[in-house]
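Let's walk through this model together, one site at a time. Keep the structure open beside you as you read.

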Amino acid sequence: MTEAECAECGATLDLADDLETGEIIDCGTCGAELEVIDVNPPVLDRAPELEEDWGE
Amino acid sequence: MTEAECAECGATLDLADDLETGEIIDCGTCGAELEVIDVNPPVLDRAPELEEDWGE
Amino acid sequence: MTLSAAVVGGSGFTGGELLRLLAGHPEFEVAQATSRQYDRKTVGSVHPNLRELDLRFSSPEDLDSVDVLFAATPHGVSMEHIDTFQDAADTVVDLSADFRLQSEEQYDEWYDGHVAAEYLEKSVYALPELTRDELPGADLIAAGGCNATATILGLKPLFDAGIMNGDEQVVVDVKVGSSEGGASAGKASSHAERSGVVRPYAPTGHRHEAEIEQFLGLSVSFTVHAVDMVRGASATCHVFPSSPVTKGDLWGAYRESYEDEPFMRMVAGGGGVYRYPEPKAVAGTNYGEVGFEVDPANKRLVVFSAIDNMMKGSAGQAVHAANVALGLDETAGLEFSGLHPVGTP
Amino acid sequence: MTLSAAVVGGSGFTGGELLRLLAGHPEFEVAQATSRQYDRKTVGSVHPNLRELDLRFSSPEDLDSVDVLFAATPHGVSMEHIDTFQDAADTVVDLSADFRLQSEEQYDEWYDGHVAAEYLEKSVYALPELTRDELPGADLIAAGGCNATATILGLKPLFDAGIMNGDEQVVVDVKVGSSEGGASAGKASSHAERSGVVRPYAPTGHRHEAEIEQFLGLSVSFTVHAVDMVRGASATCHVFPSSPVTKGDLWGAYRESYEDEPFMRMVAGGGGVYRYPEPKAVAGTNYGEVGFEVDPANKRLVVFSAIDNMMKGSAGQAVHAANVALGLDETAGLEFSGLHPVGTP
Amino acid sequence: MTLSAAVVGGSGFTGGELLRLLAGHPEFEVAQATSRQYDRKTVGSVHPNLRELDLRFSSPEDLDSVDVLFAATPHGVSMEHIDTFQDAADTVVDLSADFRLQSEEQYDEWYDGHVAAEYLEKSVYALPELTRDELPGADLIAAGGCNATATILGLKPLFDAGIMNGDEQVVVDVKVGSSEGGASAGKASSHAERSGVVRPYAPTGHRHEAEIEQFLGLSVSFTVHAVDMVRGASATCHVFPSSPVTKGDLWGAYRESYEDEPFMRMVAGGGGVYRYPEPKAVAGTNYGEVGFEVDPANKRLVVFSAIDNMMKGSAGQAVHAANVALGLDETAGLEFSGLHPVGTP
Amino acid sequence: MTLSAAVVGGSGFTGGELLRLLAGHPEFEVAQATSRQYDRKTVGSVHPNLRELDLRFSSPEDLDSVDVLFAATPHGVSMEHIDTFQDAADTVVDLSADFRLQSEEQYDEWYDGHVAAEYLEKSVYALPELTRDELPGADLIAAGGCNATATILGLKPLFDAGIMNGDEQVVVDVKVGSSEGGASAGKASSHAERSGVVRPYAPTGHRHEAEIEQFLGLSVSFTVHAVDMVRGASATCHVFPSSPVTKGDLWGAYRESYEDEPFMRMVAGGGGVYRYPEPKAVAGTNYGEVGFEVDPANKRLVVFSAIDNMMKGSAGQAVHAANVALGLDETAGLEFSGLHPVGTP
Ligand SMILES: NC(=O)c1ccc[n+]([C@@H]2O[C@H](COP(=O)([O-])OP(=O)(O)OC[C@H]3O[C@@H](n4cnc5c(N)ncnc54)[C@H](OP(=O)(O)O)[C@@H]3O)[C@@H](O)[C@H]2O)c1
Ligand SMILES: NC(=O)c1ccc[n+]([C@@H]2O[C@H](COP(=O)([O-])OP(=O)(O)OC[C@H]3O[C@@H](n4cnc5c(N)ncnc54)[C@H](OP(=O)(O)O)[C@@H]3O)[C@@H](O)[C@H]2O)c1
Ligand SMILES: NC(=O)c1ccc[n+]([C@@H]2O[C@H](COP(=O)([O-])OP(=O)(O)OC[C@H]3O[C@@H](n4cnc5c(N)ncnc54)[C@H](OP(=O)(O)O)[C@@H]3O)[C@@H](O)[C@H]2O)c1
Ligand SMILES: NC(=O)c1ccc[n+]([C@@H]2O[C@H](COP(=O)([O-])OP(=O)(O)OC[C@H]3O[C@@H](n4cnc5c(N)ncnc54)[C@H](OP(=O)(O)O)[C@@H]3O)[C@@H](O)[C@H]2O)c1
Ligand SMILES: [Zn+2]
Ligand SMILES: [Zn+2]
C-alpha cells in the first residue's frame, strides 16, 4: 500500500500496489474520480468529468 | 390483569383491570377491534366495522 | 467468532443489500465485494448508504478465501463458477435461480440447460420457514425467487393445516417493484416510462411457478404486474378450496404455522390504516406479512402476502438461511423493523 | 345549438372532471356548478385547471333550469333529489350507484334501501359499448362504477363471441388510484399513508360485482387493491373457459366487438414498452384499453383492461352517454388522447 | 387551409409531444415523423397515446417537402442539417439550443462551436410572450430552453414594470422532472435510482443562464434540482430589488404584462390548496403559472413559476410560435387546460 | 444499565419514530407511549412497523415515572405540561419548538406567547454537532426544527472556518416531504392533492429562521417547498461570501468540522449517481449529508444538505442528544445506514 493525496479534497488515499498509469479511481472521502498520472511516487489528478452520463 | 379470548383469531388477550363495558380494544395478534360486552368475566365481541373510514 | 464473507456481484441491487446486511451483522466481516464494472472503486460510490464502509470492489477473477461466499449474479453465472466458489468458501449462498430446483428435468422444463446439474440435488432452498431443518451444515444454499417466496409463504399454512392439498384452483396475482429487475435497467425501466405503471410484465408462464410447484405440489395460475414502487412484492392468492372454510379456521392455520416464526407477521383485518399485508410496511426488513379473507359467495379464500423482494425475497432470506446453516442467532443482522410513515420505498 | 348543463357536486373529483369536459365541449355551456362547502367561491379555487372558467359555485338548493343536469354526488343523494333534478332538466345523468341496478331487489342485496325505486327500471346504464341503442332519448342515465366498467369492458367481447357464457370461474384482481375515493379523504388517504401502497382495500364483496352480474350474467370473485396513482383503474381478469381458446380466437372476438368503437384500444402483446393495457396511457382520456393472453398450461385466459376511473369510469362515460342520448357527435368533447411520457397521473 | 408538418426526431419525448399537438391541431396535418431507431415502426408503438394516428416513422435522410418542419433532435443535429431542413420547409421550428442565441460569441461562451453560425442572427426565439412581434413570417424559429422559459416568464414583468433593471442579485432555484432528460436515459435515470430524488443535477453553470442573460440582460445564480416527477419545471426566483416593493406593486406589474396573454395564469396567495404556481396544475398544457410574494424582512421578492417542460417549455411553445408565425389562431391546438386531481405527471 | 423511557405523543409521526428507535436501543426500554385518540390500542395498530412491540397506548394524563421522557406533541403542549414532565422524569427531551429559543423576546417575535418562559434559557438545543459540550447532564433538551437543522448543518462549517461571519446574503431554498406535517393531515395533504407537488408552502417568513439566526447569527432568506416524498428535507443554501473561495477551501472547512462526526457525510461532486446530498440516501437514518460547489461567475457558493426530517431532523436528533446527555455511546440505537436502491421514502 502506498499513499497519495486527493487532488479534490486533500484527503489521504491508500492505493493498491499494482496501480497503473491512466487508471481511474475514486476518492473515498469526496468521491472525486481521479486519474493516476504517475505511479512511483503516485500522482493523482482529477479525471475529466462525464457530465452527460448523469441524467437530464 | 385478566385474560380473554379474541373473538376473531382465538389469541389470548391480557386485559387491563379497569376495563369498561362498551370500550373498544384491538387484539394484539390479529388487530381486530373488539368490543367489551361484559367485564366480569370479560367477554369480547367483534366491534362493528367502519368500512367507510378506510379510504376509497 | 467473526466469519469472513465475500459478495460476488456486489455492485448489483441484491449484492448491495447483502453488503449492507453483512456490514451490520455482529458475526460477519465483509472481506470482499466483486464488480467488473466498478473494479477498484469504493463500494460507497455505487451504494450511497455504504459510504462508511471502507472497501473497494475487486475483480470476480480473484476470489479471496472466506468462510461464506454469497453470489448475487444473474442466472447462469453461478452454475458456471460453482467449483471456484466452493474452493473459495465452505458455505456458498447463491441468490440466482441456478440451484433452486432439485432436478435437471425440472430445470430444463423452465430454464435453458444446466452446466452443473450434479449440484441440484445437493443444494438446500434457503427459506427457513420451509427448510429450517435441512439448512444446518449445508454447503450450497439457494435463495428463493422473490415472487415464489411471497406465494409460498402465503399458501404454506393452508397445506400444513390440510385446508389445501394441491388439487385446488389457485390464481396468484402479483405486484412488484422496479428493483426486481436489477441494476441494469433498459428503456422500459427508465423513470419516465416506469413511473406510475400497472404493467402486466409477466402475463403468464412466469418461471417462479416452478419453485411453487416443487415445494407445494401445486400448479398455480400466475400473473405479475409491475407497479410504482422500488422495493416490494405483494402476492394476492385467490384460492378455491374443496370445502368451506371459516375465518377462524384460517386464523388457526396461520397461527399454527407462523406464531413462532421470528419474521412472519399476520395481518388480516382489524382496524387502523394497515389491515392487510402491505409491502411498504416491510420495506427494508426481513419480515413477511400474510393475511387472508373468506369470500363465501364465491367459495373463495383470498390470501395476501407482502415482502421486500430484496430482503425476505433474496438478500435477507440468504442471510437468514446462513444464520441457520452456521448455527448463529437466527435473527442476527436482520433486526430492522421498518419505517412508518414511509412513502414508496 | 348550445345546450346548457349543470353539475351538482361540482366541487368533487368527478364533478370537476365533468366541468372540465363540459367547458371544452363544443355543444355544451356550463350554466351551474353546485357546492355547499364552496358556495360562492370560484370554480378555479378548487380546480386549478379551471381557473379560466368564469364561474362560481352555487347552492344545490337553487337549481337552474338546464338542458342536462349531471349529478356527481355520493351514493344516496341523487335518489333523494331525483324529482327536483328531473324538474330542473330534461336529461339527468347520475354518476352515483343510485340508478345503476334495474330492480329494488338487486339494490337491496348490495346496498341499503332505495327511496326512489320506481326509477330503477327506467334508467339507462351509461356505458355506450353496452347500451348504445337504449341511450337515445333517455331521461335518466346512470354512469357505471369504475371498477365494474373496467371489468365489463374486458370481458364483454368473450360473451359476444360465445367464448364465455357466464358459468366460468373468473377472478378479477383490480388496482385503483386514490381519486376513486373522492375529495373527502380520511387518514388512510393522507399522502404519507397512501403513498406507495399495494393495499387490499376491498378484499371481497365489492359492490361493483352487482353491476357485472347484471350485465354479463356472471358472478365474479372480485378483489380491489389501492396502488400509488391518483387516476386509473386496471382490472386483470383471470378466466377459466370451458373449452380451449387460442390467441387468434381472442383477437377475432375483441376486434369484432371493438374495432369500430371510438374509445376502445386493443393492446395485447407486440413490441415496445407498452404491450398491455396501462392506466397511465389512458389517463385524462375517455379511452379504454383491453388486452389478453392465453395460458394453456393452466387452461386460463388473462384479460387486462385499463381506464381512467374519472373519465371512462365516470365523468367521461357520462358525457359520452349524453352525447349519444342527445344525438350529438359521439366523441364531442372527449378527443384528448393522453400524454406520453407521463409519470403517475 | 391545411398545412403539412414534419417532425424530425419524432420518437423522442418532445417529438412525441409535437406529434400529439399537431395531430389534434385544426390547421395541421402530420405528413412525416422521423426516427432512425424505429424506422418503419408505427408511431403508436413508441407513443401509446398516439395509437390512433395512422403513421409510421421514416428515416430523417428522406425528408418530405412540407409547410412546416419541426426538429426535436439533440443539440448539434439541427445546425448540421439546417440547409436540408430549409429546403424541405418554408418554416423551420427547432427545439434544440442550436439557434437560440443571437451571436456566435455567445454560443461559443456556453456551448462548443457552431457550424451554421450565419443563421444565429436570423432566427427568432419562439416564446410569444417575449417575441410575438418578431414571429410573423419568420423562417427559422428557435424554441426556448425549458428552465430558461420558466425563469424568463417569472421575471419579465418585473423588467417591464421597471422594478428590475438587471443589476439585481437573483438566485434561481429550479426543480425539474425526468422527461427533461429525453428518451435515452442512462443509469442515473432508471426508475430505481431516479425515484424520489431531490438531486442537485446542475449545481452551477447551467447553460440556460445564457438565454436568460440574452433576453433579460440579467446574470442569474442558477441551480437545478431533479425531483420526482416526469413532466414539469418549477423555478423559484429569489430577487433582491434595489428599492422596496409591495405585493400591490407586483400584482400591478404581473397583470400589466400577462392579463391579456392567453397562456399565462397568475397564482399568488389566495385560498384553497393551489395558492402558488404548481407544475402539476399545468401538466400537459401550454399554460405557464406565475406567482410572487414579498419578504420585507430580507428585502426580497420571491417569484414562482411553473410550466410543463415538454409543453410551454418546448413543444407547446413551438406550436404556439408557429401559430403566431403563420397567422393562425394563437391558441389553436393548445386548448387543453389540464387535469385535477392528478398525481405526479 | 437499562433506562426507562416514555413517549408523550406516541401515536404521531415523530412519536412513532422515537418508539422505533427506543425499542431497538440497547440501553432503553419503552415504559409508556401516550395517545388520547388511541388510548388502550396497541402501538402496532398505528405504527405497522412496531407490531412486535408488546405495548398499548395510555393516556397522557397518567404519566409513569421514567428516566427519560420524550415529548412529541404539537407546539404549545410541552410548555403547558413541562412541570408534570419534569416530575415524571429527570431528563426531558422535547421535539417541539417550545424550548428551542433562548429568550422570551425571541419566542414572542416568531411565535405566540410562552407560558413557561423561565425554562427557555435552561434548555439545551439537541443538535450535538452544535451543542455536544452542553448536553451532558442537561435536564431539558429541545430537539431542533428539521429545516433549521438541515440549514445549520450545511452552513456551520463556513462559520467555523471564518468563510462566513453572518453578514452575507444567503438564500435558503428547502424541499420537504409530507411527514413534516405530522399525522393529522388536512385536505391539502391528501394523496390526490399532495402527490407530485412542487408546492411553495412557506414562501417567506418561516419560523425556523429564528433558530438559524440564534445559532449562526445569520439572517437568511428562507423559502420552503413541499415535494413528493414522505421523508426528507433538502436545503440548498445559496451564499454570497465577501471574498472568493475555492472548492479546496470548502473541502478544508467541511472536513475540519465534520470528519470526526459520526453522523455527517460529505458528498460534493465525484462520480456515480449520488454526487450531492440526497434525502433518499439518508432516509430512515440519523445521517446528515452536506455538499457544496463554487460558482465563480456569480461569486456564489452553493451548499446542499439532506436529512430525514423525522430522524436527524427530530427523533433521531433527540435520541442522539439523549445519548450524549446521559453518557451513552453516541451512536447507540442509531446505526441504521439506509437503503439502496430505495424509491421515495
Ligand atoms: N432483484 C431482486 O429483487 C432479486 C430477487 C430474488 C433473486 N434475485 C436474483 O439475484 C441475482 C442478482 O440480482 P440483482 O437484481 O442484484 O442483479 P443486478 O443488480 O443486475 O446485479 C448483478 C451483479 O452481478 C454482477 N455480474 C453480472 N454478470 C457477472 C458475471 N458474468 N460474473 C461476475 N459478476 C457478474 C454485476 O456486476 P459487474 O457487472 O460489475 O460485475 C452485478 O454486481 C439474480 O440472479 C436475480 O435473479 C434478485
Ligand atoms: N371518483 C371516482 O373515480 C368515481 C368513479 C365512478 C363513480 N363515482 C361516483 O361519483 C360520485 C361522486 O364521486 P366523487 O369521487 O366525485 O366524490 P367527491 O369528490 O367526494 O364529491 C362529492 C360532491 O358531492 C357534493 N355533495 C356531497 N353531499 C351532497 C349533498 N348531500 N347534496 C349535494 N351535494 C353534495 C360535494 O360538494 P359539497 O359538499 O361542497 O356540496 C362534492 O361536490 C359518487 O357517487 C361516486 O361513487 C366516482
Ligand atoms: N425534453 C425536454 O423537456 C426539452 C425541453 C426543451 C428543449 N428540449 C430540446 O429538444 C430536443 C429534443 O429533446 P428530447 O427530450 O425530445 O430528446 P429525445 O427524447 O432524446 O429525442 C431525440 C430525438 O432525436 C432523434 N435523433 C437523435 N439524434 C439524431 C440525429 N443525429 N439525426 C436525426 N435524428 C436524431 C431521436 O430519434 P432516433 O435516434 O430514432 O433517430 C429522437 O427522436 C433537444 O435538443 C432538447 O434539448 C427538450
Ligand atoms: N414531523 C416532523 O418532521 C417534525 C420535525 C421536527 C419537529 N417536529 C415537531 O415534533 C412535534 C410532533 O410532530 P409530529 O409530526 O410527530 O406530529 P403528529 O404526528 O401530529 O403527532 C402529535 C402527537 O401529539 C399528540 N398530542 C396532540 N395534542 C396533544 C395534547 N394536547 N396533549 C397530549 N398529546 C397530544 C398526538 O396524539 P393524540 O392526539 O392521540 O393524543 C400525537 O401523538 C411537533 O412539535 C413538531 O413541530 C416534527
Ligand atoms: Zn477526495
Ligand atoms: Zn385476535
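The 4 donor atoms around the zinc ion (ligand 5) subtend angles of 106 to 113 degrees, so their arrangement is tetrahedral. What are the protein donors of the zinc ion (ligand 5)? They are the SG atoms of Cys6(A), Cys9(A), Cys27(A) and Cys30(A), lying 2.3 to 2.4 Å from the ion. Donors here are N, O and S atoms within 2.8 Å of the metal (3.2 Å for Na, K and Ca), and water is not among the atoms, so sites may look incomplete. Along the sequence, the donor residues follow the spacing C-x2-C-x17-C-x2-C. Cys6(A) sits in the loop between β1 (2-5) and β2 (12-15) of chain A, and Cys27(A) in the loop between β3 (24-26) and β4 (33-39), so this pair ties together parts that are 21 residues apart in sequence. Helices (H or I, at least four residues) and strands (E, at least two) are DSSP runs, numbered from the N terminus. Cys6(A) is buried at 3% relative accessible area, and Cys27(A) is buried at 2%. Buried means under 20% relative accessible area, exposed over 50%, and partly exposed in between (1.4 Å probe, protein chains only).

A word on the model itself: it is predicted, local features need pLDDT of at least 70, side-chain atom pairs count only at pLDDT 80 or more, and totals for chains, interfaces and linings use all residues. Residues are numbered from 1 along each chain as its sequence is written, chains are lettered from A and ligands numbered from 1 in the order in which they are written, and side-chain values use heavy atoms, with hydrogens and water left out.

Now for the charged pairs. Side chains of opposite charge can pair when their charged atoms come close. Over all chains, the structure holds 76 salt bridges, each a side-chain nitrogen of Lys or Arg within 4 Å of a carboxyl oxygen of Asp or Glu. In chain D, Asp308(D) and Arg231(D) form one of them, at 2.9 Å from N to O. Asp308(D) lies in the loop between β13 (300-307) and α11 (311-325) of chain D and Arg231(D) in the loop between β9 (221-227) and β10 (233-240), so the pair links parts that are 77 residues apart in sequence. Are these two residues buried or exposed? Both Asp308(D) and Arg231(D) are buried.

Glu330(F) lies in the segment after α11 (311-325) of chain F and Arg132(F) in the loop between α5 (128-131) and β6 (140-142), so the bridge ties together parts that are 198 residues apart in sequence. Arg132(F) is partly exposed, with a relative accessible area of 24%. Elsewhere, salt bridges that share partners join Glu8(A), Arg46(A), Lys247(F) and Glu293(F) into one network.

Finally, look at where chain F meets chain E. Here 49 residues of chain F are in contact (heavy atoms within 4.5 Å) with 50 residues of chain E. The two chains bury about 3800 Å² between them, 55% of it on carbon and sulfur atoms. Buried area is the accessible area (1.4 Å probe) that two parts lose on being put together, summed over both. Between chain F and chain E there are 2 salt bridges. Asp173(F) forms a salt bridge with Lys175(E), with the closest N and O atoms 3.0 Å apart.

Key. Tetrahedral: all angles 85-135°; square planar, octahedral: opposite > 155°, others 65-115°.
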